[in-house]
Amino acid sequence: MGGTKQTQSDDSASRPTALAKLFLEDGTVLVGTSFGCHKAVEGEVVFCTGMVGYPESLTDPSYQGQILTLTQPMIGNYGVPDRTVMDEFGLPKYFESTKIHAAGLLVQDYSHHYSHWNAVSSLGDWLKEEGVPGLSGLDTRLLTKKIREKGALLGRIEIDLDAPGPDFEKMVSPNARHLVDEVSTKEVKVYGKGNATKVLAVDGGMKFNIIRQLVKRGVELTVVPWNHPFAAELHKFDGLFLSNGPGNPTMCDVTIKELEKVVNFPDDQVKPIFGICLGNQLMGLAAGGQAKKLPFGNRGQNQPVVNHQTGECYITPQNHGFVIDCDTLKPGWKTLFTNANDGSNEGIAHETRPYFTAQFHPEAASGPTDTEFM
C-alpha cells in the first residue's frame, strides 16, 4: 500500500462481525470474530508475550506455519506501516521479511480504529491483503495457560460454523515440514557491496534487521540458501554467520554436515562463526549435541538470559521452539548463555576457537536492544 499516508482510521471503519471457530487438539473450541482474511487454516498454536511489534512478529520467518496468539490484550490500535517503503538496503523498512509468515493471528481485543504517525492501514486490512485469518474476542489468557500446561497445540481456524471438528490424528504438524526450506532464499544475494569485512551468511529464515545491523557495521554480507555448500567457499570470507529460522533444526542436514566440516578445519583455516536462534541449534548439532523440542517455546520480548562469562543478566527477545541439550555437546564446547526462567540453553561457545552463538535475538526489531552489542 502506498500513496498518501492515512495515519488514522476514519468513520468508515466498522467493527468486524463475521464469526469463526478455533479448534484445538485437546478438544477446546472457541468462537471469535474474524477480522482478517475470512478463511480456514491449520497450524501449531503458540503464544508471544511481546506488548508491541506485531508488524515485526507477523513477518518473522520463524513463525512459518504457526497460529500466533498475542498475550497483550489490545491489538491493532497503532495500525500497520507502509509496505512499499524501502530502506537504504532495498529492504522493506518496517518489516522483517516481504510477507506475513504466521498462518493466523489470535487476539483478545482487536482495535478496528487505529491512530499512529507511521500507519497507512489497519491490521485487519493488512491481514486480508496477505490472505491471513485473524480472530478476536478470544480468551487469550485461557489459551496461553493451556499452551503452558500442555505444550504447543495443533489448531484450526474454521469459518464454517456448522463444520465438524477436524481430525487431529490426520493433521500434519508444521514441524514435520521442512520449514527452513520454505523460507530460505533460493539465490545468493549480496548486501553492503564493497564493505571491508566479508561475511558469508547462511539463510535459514533470516530477519531483515540482521542484514541491516551487520551492513551498518561495515559488513559485506553474502547471503546463501540453507543447503549451500559453504564450507568450500569460506576461505574467501572473514567469517561465517548462521541465521534464525523456523522448525526442527535436525531437518537442516546439509547445513549441519557443512558446519561439521567448518568447525573441524585445521587451525590455519579457522574463521569466526556467530549463530543466532536456529543458528545456535545448528552449531550445537555440529558440535555433537542433541536438539529437543521445548513444551511451549520461548517467544516474546522479556526473556532473562544470564551470561556465564560476566554474570550479567540481559532482557532478550526470543522466538524458538527447540533447544540444544548442553550435556550432549562434545568436549571443547561450553555453555555461554542460560535462560533464567526455565534453565534452557541460550548460547554456546568453543573453548579455544572463535565460535559462539545466541539463542535469543541481539538484533531484534522491535526490541529490546540490550544485546545489540553482539
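1. Thr371 is buried, at a relative accessible area of 0%. Here buried means under 20% relative accessible area, exposed means over 50%, and partly exposed lies in between (1.4 Å probe, protein chains only). The residue sits in the segment after strand E19 (355-358). Leaving aside residues up to four places away in sequence, Thr371 touches Tyr314, Thr316, Phe360, His361 and Pro362; a contact means heavy atoms within 4.5 Å. Thr316 is 55 residues from Thr371 along the chain, yet their C-alpha atoms are separated by 7.2 Å.

2. On the basis of this note: the model is predicted, and local features need pLDDT of at least 70, side-chain atom pairs count only at pLDDT 80 or more, while totals for chains, interfaces and linings use all residues. Residues are numbered from 1 along each chain as its sequence is written, and side-chain values use heavy atoms, with hydrogens and water left out.

3. Helices (H or I, at least four residues) and strands (E, at least two) are DSSP runs numbered from the N terminus. Strand E15 (residues 290-307) pairs with strand E16 (residues 313-325) in the antiparallel sense over 11 bridges; two strands pair if DSSP finds at least two bridges between them. Across this pairing, Lys292 stands opposite Val323 in E16. The two strands form a hairpin with 5 residues between them, and Gly311 in the turn has a positive phi of about 80 degrees.

4. E15 has a further partner, strand E17 (residues 333-339), which runs antiparallel to E15 and is joined to it by 3 bridges. In E17, Phe337 is the bridge partner of Asn307.

5. Helix H7 (residues 278-286) packs against helix H6 (residues 253-263) at an angle of about 65 degrees, with the axes 9 Å apart. The axes are lines fitted to C-alpha atoms, for helices over the stretch in contact, and angles run from 0 to 180 degrees between N-to-C directions. The contact is made by Thr255, Ile256, Leu259, Glu260 and Val263 of H6, and by Leu282, Met283, Leu285 and Ala286 of H7. These residues divide into 7 nonpolar, 1 polar and 1 charged. In this count Ala, Val, Leu, Ile, Met, Phe, Trp, Tyr, Cys and Pro are nonpolar, Asp, Glu, Lys and Arg are charged, and the others, Gly among them, are polar.

6. H7 is largely enclosed by the rest of the structure, because 9 of its 9 residues are buried. Among them are Asn280 and Gln281. In the loop between strand E14 (273-276) and H7 lies Cys277. Cys277 is buried, with a relative accessible area of 1%, and its phi is near 60 degrees, a positive value in a residue other than glycine. Just after H7, Gly288 has a positive phi of about 90 degrees.

7. The structure holds 9 aromatic pairs. Rings of Phe, Tyr and Trp (its six-membered ring) pair if their centres lie within 6.5 Å; planes under 30 degrees apart count as stacked, over 60 as edge-to-face and the rest as tilted. Tyr54 lies in helix H1 (residues 54-58) and Tyr78 in the loop between strand E5 (74-75) and strand E6 (104-106), so the pair ties together parts that are 24 residues apart in sequence. Tyr54 is buried at 4% relative accessibility, whereas Tyr78 is partly exposed at 22%.

8. Phe241, Phe274 and Phe356 form one aromatic cluster.
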